[in-house]
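Please look over the sequence and the model below. The text that follows goes through pockets and then a helix pair.

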Amino acid sequence: MAETAVAEVMAELAELEDPKAREVNEKRGDDHAVNLSKLRAVAKRLKTQQDLARELWKTDDSSARLLATLICRPKAFERDELDAMLREARTPKVHDWLVSYVVKKSPHSEELRLAWLDDADPVIASAGWALTTERVMRKPDGLDLDKLLDVIEAEMKDAPDRLQWAMNDCLGNIGIKHEEHRARAIEIGERLEVLKDYPTPPNCTSPFVPIWISEVVGKKKGK
């Protein structure tokens, strides 16, 4: 039954592929060719199917893996299973959706956060920082924010791209969510100048931390 379901889903995903979408995605390091809105529509129809999600993940197809993150039951995965899945996630979008939609909802998220933060692979470490940002935003109790800022100050400037982005995201959210650390977060951003020249489309907020914090906090105060 599972094999038939997988074959049917894979055939549907193949029909939804758009070469233009693949071309755009490849510029960001991704290789899926299915429009994400259409992918979400498939997930909505399938609803939660843990066994199917596991089988789709095994295909090593990015569209199938993205779909798997939407129809799985996050709490059903074991800690080592999630660790292996992250290391198998070949593309940025699969990596991000796995962390955002699955690992963050897992009872193993904190254990994995701590393990991944110290991982030698910068891509894996970036997942640890993404989970840390989640803590910064929603469950900061028990976090040493001063220590996090020390690490960011010392390591973000020369970090590889994916890790640098994750650390920058954490820095910005510390400044936005925690007023007592805002001045230092801005100062670190100004001095390191990470993403200062990042091209930002109109009506979007720059990822350069001093600008980002200023705009978000300013909007909140203006409400």
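Which helices each supply at least two residues of the lining of the largest pocket? They are helix 7 (92-102), helix 9 (122-138) and helix 11 (161-177). Helices (H or I, at least four residues) are DSSP runs, numbered from the N terminus. This is a predicted model, in which local features need pLDDT of at least 70 and side-chain atom pairs count only at pLDDT 80 or more, while totals for chains, interfaces and linings use all residues. Residues are numbered from 1 along each chain as its sequence is written, and side-chain values use heavy atoms, with hydrogens and water left out.

A pocket is an open set of points on a 1 Å grid over the protein atoms alone, where a 1.4 Å probe fits, with protein on both sides within 12 Å along at least five of seven lines; lining residues have an atom within 4 Å of a point. A volume is the space filled by probe spheres set on the points, which are joined across faces, edges and corners.

The largest pocket has a volume of about 890 Å³. Its lining has 29 residues, with Asp96, Arg162, Trp165, Ala166 and Asp169 nearest the centre. Helix 9 gives the most, seven residues.

The second largest pocket holds about 390 Å³. Of its 20 lining residues, Leu117, Asp118, Trp129, Leu148 and Val151 are the closest to its centre.

Helix 10 (residues 145-155) and helix 12 (residues 182-192) have axes (lines fitted to C-alpha atoms over the stretch in contact) that come within 11 Å and cross at roughly 5°. The two helices are therefore roughly parallel, a term for angles under 35 degrees, taken from 0 to 180 degrees between N-to-C directions.

Notes: Angles under 35 degrees count as roughly parallel, over 145 as roughly antiparallel, 65 to 115 as roughly perpendicular and the rest as oblique.
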